[in-house]
Amino acid sequence: MTISLVASDPEARGVKTDNLTVRGTTLLKRGFAHMQKHGVVMDVTTVEQARIAEEAGAVAVMVLDKLPYDVRKAGGVARTASIKVIEDIMDAVTIPIMAKCRIGHTDEARVLQVTGVDMIDESEVLTPADEERHIWKWDFTTPFVNGAKNLGEALRRVEEGAAMIRTKGEPGTGNVAEAVTHIRMVNNEIRRIRSHYQDNDRQELMKAAREMKVSYAIVEETARLGRLPVVNFAAGGITTPADAAFLMNLGCDGVFVGSGIFKSEDPAQRARAVVLATTFHDDAKMVRDAQKMVDERKSLLGLDTKNLELRMQERGQSA
Amino acid sequence: MSKITIGVLGFQGDIEENIAAVKQAIEQSKADATVQMVKYPQDMEKIDGLVLPGGESTVQSSLAAIQQSIPALKKRISDGMPVLGTCAGMIMLSKRSFDRVVGDTGQKLIGDLDIVIERNAFGRQNDSFEADLEVSGIGKEKFRGVFIRAPAVSEAGKDVEVISRYGGKIVAVKQGNIIGTAFHPELAGDARMHKQFLKMVQDYKKSR
């Protein structure tokens, strides 16, 4: 196989077999995420923004009620987007539609599944509905993406059925620093278990599995691959084309851009520029050309991530 | 015969998975060949065969960079260079596409494969499916079709050979040196499609 099927639940209720076809398999769910690779998923709140994103070359759109920056400003409880808005966007664009549900909120997710979104994001940007556990995603035919700050969190989510991971930043801040910290953290942890694997030190791999509260099998597979067994995008705080290129060069498979585009003063131009920089992340001249397309005076000003009242990245990390 | 170089178009989608599938085909065929990602117009001159990967065709066709590579690519295709397009890659090769819900997509496509594409022909991600297919030219044993938000061929020109159908829809075609599949052979864990493509590349290289 060219993609890993590790940790698949043999009794997953989201797998639907009829006659000669089967839907909702690990291969189809993770495979969907693989098709998104090298792409940019953009947060949108309206049909108009979704059209701008598609036109600019977004690989998918993420539908929210409010952009993370506005969620932060509004306070209160943040929930899944209006179904009417999601449906209108589904009818308006041809690219995949993702939507967020609250952490642990199985029934928001069920509603999104029957609405027909292509991927569900169980997201810390919304207010968690269950502090103890995440959704058991093997029960769903629709694939899920989850956030993670470190390797243990990422692998726990994959064992619950996540088909894709996004390393968390601090959403709505315009500051890429937290996303950088967490992708480096994940990379370093993978490097550590990979060296145990290369030394054939099964005891250390077992110890790592115990520390991360995950199975030995998934640790060994991750160590063998030298990367997460599912597609991993960067998210949180990406504002400029160079931010996107930076995270791609740190080993991410693609990027999510939240407030960075539609909270800037040049969204259409910026969206195109971020796509260009993501595609040509390893070519500094192309990234320069992309960077030229945006005006720094029009960037989201951003927030200091050290003095935030609400740290979204910490939601759901212990579960 | 000098060494064969196969390119995988490297803008967006499952590029690495296609590189892995080509590598698998090379090993199994014991061919003297390498595979590499290609992104720039000048790269089109250095390869003997090209794979257009799966992904989002809207994105792939909207990238100005890919548009710049199209003239060089069209020239190579008309010279007989074999190409394999999987899913979005087949859409890129087609002459026209429309979406099941949204209608005509107005995408700028390569256009050398004389077919019309219905995008998302089987529905959205929840309708994505796996099924065993009969594919002519790769042997009797069935091929595992992995269909992810897959397109289908709604019209095929007279020079187009239909090599697989599923559920009454055309899902794989061959037109001379071009193969297009609605499914993802690179995810099937079965290198036969990529091996057949490699064979075409070897024959092409020999003929030059």
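A polar contact is a pair of N or O atoms within 3.5 Å; within protein, one atom must be able to donate a hydrogen and the other to accept it, and residues adjacent in sequence count only if both atoms are side-chain atoms. With that rule in hand, I looked across the interface of chain A and chain B and noted 23 residue pairs in polar contact, both residues at pLDDT 80 or more.

Before going on, I wrote down that this is a predicted model, in which local features need pLDDT of at least 70 and side-chain atom pairs count only at pLDDT 80 or more, while totals for chains, interfaces and linings use all residues. Residues are numbered from 1 along each chain as its sequence is written, chains are lettered from A and ligands numbered from 1 in the order in which they are written, and side-chain values use heavy atoms, with hydrogens and water left out.

**Entry: the interface**

I looked up which elements (DSSP runs numbered from the N terminus, helices being H or I of at least four residues and strands E of at least two) give two or more residues to the side of chain A that touches chain B, and found β2 (21-23), α1 (26-35), α4 (83-92) and α12 (267-279) of chain A. The largest share, seven residues, comes from α1(A).

Taking contact as heavy atoms within 4.5 Å, I noted 44 residues from chain A and 44 residues from chain B. The buried area, meaning the accessible area (1.4 Å probe) that two parts lose on being put together, summed over both, is about 3,400 Å², and carbon and sulfur atoms give 57% of it. A:T2, A:M35 and A:T94 supply 22% of the area that chain A buries against chain B, more than any other three residues.

I also looked for salt bridges (a side-chain nitrogen of Lys or Arg within 4 Å of a carboxyl oxygen of Asp or Glu), and the rule finds five across this interface. One of them joins A:D118 to B:R124, with the closest N and O atoms 2.7 Å apart.

**Entry: strand β9 of chain A**

Next I turned to β9(A), residues 231-234, where A:V231 and A:F233 on one side and A:N232 and A:A234 on the other are all buried, that is, under 20% relative accessible area, with exposed being over 50% and partly exposed in between (1.4 Å probe, protein chains only).

Strands pair if DSSP finds at least two bridges between them; β8 (residues 164-167) pairs with β9(A) in the parallel sense over four bridges, and two bridges join β9(A) to β10 (residues 254-257), also parallel. I traced A:F233 and found A:R166 opposite it, as well as A:G254 in β10(A).
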